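Please go through this model with me, feature by feature. For each label, set the value against its criterion.

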Amino acid sequence: MSKQIYNPLTKYHHDKFPKQTQVAPALQCEMTPTPDCGEKSYQGHGRLEGRKMLVTGGDSGIGRAAAIAYAKEGADVAINYLPFEQKDAEDVAKVIQAAGRKAVLIPGDLSDETFCKKLVEEAHHQLGGLDNLTLVAGKQVAVEDIMELTTEQIKKTFEVNVFSLFWLTKAALGYLKPGSTIITTSSVQAYQPSSNLLDYASTKTAIIAFTRGLAKQLGHKGIRVNSVAPGPVWTPLQICGGQPSDAIPEFGKQTPLQRAGQPVELAGVYVHLASEESSYTTGETYGVTGGMHIN
Ligand code: NAD
Ligand code: MG
């Protein structure tokens, strides 16, 4: 039987979004509509059989979609998130377990170097190995005027989005073997920064440089490093200060595909970059932007 072909314009939610705000970090289980992270819609094909993977930001949004897809492809998955997000994380664990894989939940704050080290050690210990880091956690707070952008916010955004990548990678290198992969999460903002996301966009450009440089440094060890650069995707990040709340109803409408992406639409790229299918790919950034393009 042939598979149904969908129009990408109407495949997922394409109406206006209802206005909504939550305190950061928002909970996905309280969003309307609920983001599609592949709980039902993603179908695995055994491409990551037996892998042991750690996903930061794995409770919600894009990280959750990656974690669910990895499990459905046959991997055991540890996820990290903030303690406040326990409910979302438990929902993800149920989906991973229903796929017949092991789920490990490790809450904690990535802006703390000591915790980053512990996170990797704990994931390695509880999974019984580690061959992938999928670094998705991120902080985004829109501020219209640089004069209103506090040093505290600038520092926190860089700690979570950039510093943690150094700390987690350093902690993991003792465990990663040839064939292992690291996947970072950049953004279309690295290439086309919005005027109200100066600190965030700067971190996303830094992530591209980190990814390219680290890929060169680790190539000879057989460890590949790549990045995913999403465009506007319907996730908790956007409704807890990532966008001004007035921008929520039209979120994503400016793209050529005329709607926001759903997290599950990025899952296939994360799976590809972690799997054997991408064995000659390192130092690259894959855009999933609804047509905004990166470059
Ligand atoms: P999300 O809110 O679902 O995920 C962000 C996650 O970051 C949270 O779930 C939280 O667990 C984690 N996090 C934040 N601060 C943390 C901290 N101090 N310690 C530990 N974890 C922390 O939203 P998302 O949109 O899926 O975001 C995932 C990634 O995608 C981010 O890096 C974001 O920059 C990137 N991104 C998102 C979009 C978009 O439109 N949604 C576009 C481009 C890039
Ligand atoms: Mg979350």
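Q: What makes the lining of the largest pocket divide as it does into nonpolar, polar and charged residues?
A: The lining has 22 nonpolar, 22 polar and six charged residues. Ala, Val, Leu, Ile, Met, Phe, Trp, Tyr, Cys and Pro count as nonpolar, Asp, Glu, Lys and Arg as charged, and the others, Gly among them, as polar. This is a predicted model, in which local features need pLDDT of at least 70, side-chain atom pairs count only at pLDDT 80 or more, and totals for chains, interfaces and linings use all residues. Side-chain values use heavy atoms, without hydrogens and water, residues are numbered from 1 along each chain as its sequence is written, and chains are lettered from A and ligands numbered from 1 in the order in which they are written.

Q: Which residues lie nearest the centre of the largest pocket, and what is its volume?
A: Gly138, Lys139, Gln140, Tyr200 and Leu237 lie nearest the centre, among 50 lining residues. The space is about 1100 Å³. A pocket is an open set of points on a 1 Å grid over the protein atoms alone, with protein on both sides within 12 Å along at least five of seven lines; a cavity is a set where a 1.4 Å probe fits but cannot get out; lining residues have an atom within 4 Å of a point. Volume is the space filled by probe spheres set on the points, with points joined across faces, edges and corners.

Q: Which helix gives the most to the lining of the largest pocket?
A: H6 does, with five residues. Helices (H or I, at least four residues) and strands (E, at least two) are DSSP runs, numbered from the N terminus.

Q: How many cavities of 30 Å³ or more are there, and what lines the largest cavity?
A: The count is one. The largest cavity has a volume of about 40 Å³. Its lining is Leu135, Val136, Ala137, Asn161, Leu165, Thr185, Lys204 and Ile207. By class, that is five nonpolar, two polar and one charged.

Q: Why are H1 and H7 called oblique to each other?
A: Their axes lie 8 Å apart, at an angle of about 55°. Axes are lines fitted to C-alpha atoms, for helices over the stretch in contact, and angles run from 0 to 180 degrees between N-to-C directions. Under 35 degrees is roughly parallel, over 145 roughly antiparallel, 65 to 115 roughly perpendicular, and the rest oblique. H1 and H7 are therefore oblique.

Q: Which residues of H1 and H7 make the contact?
A: Ile62, Ala65, Ala66, Ala69 and Tyr70 of H1 meet Val264, Leu266, Ala267, Tyr270, Val271 and Ala274 of H7. Contact means heavy atoms within 4.5 Å. The contact holds eleven nonpolar residues, no polar and no charged.

Q: Why do H1 and H2 count as roughly parallel?
A: The axes of H1 and H2 cross at roughly 20° and come within 9 Å. By the angle rule, H1 and H2 are therefore roughly parallel. The contact joins Arg64, Ala67, Ile68, Ala71 and Lys72 of H1 to Asp88, Asp91, Val92, Val95 and Ile96 of H2. By class, this contact has six nonpolar, no polar and four charged residues.

Q: How do you know that the bond from Ala24 to Pro25 is cis?
A: Omega is near -5° for Ala24 to Pro25. Thr32 and Pro33 are also joined by a cis bond, with omega about -10°. Most peptide bonds are trans.
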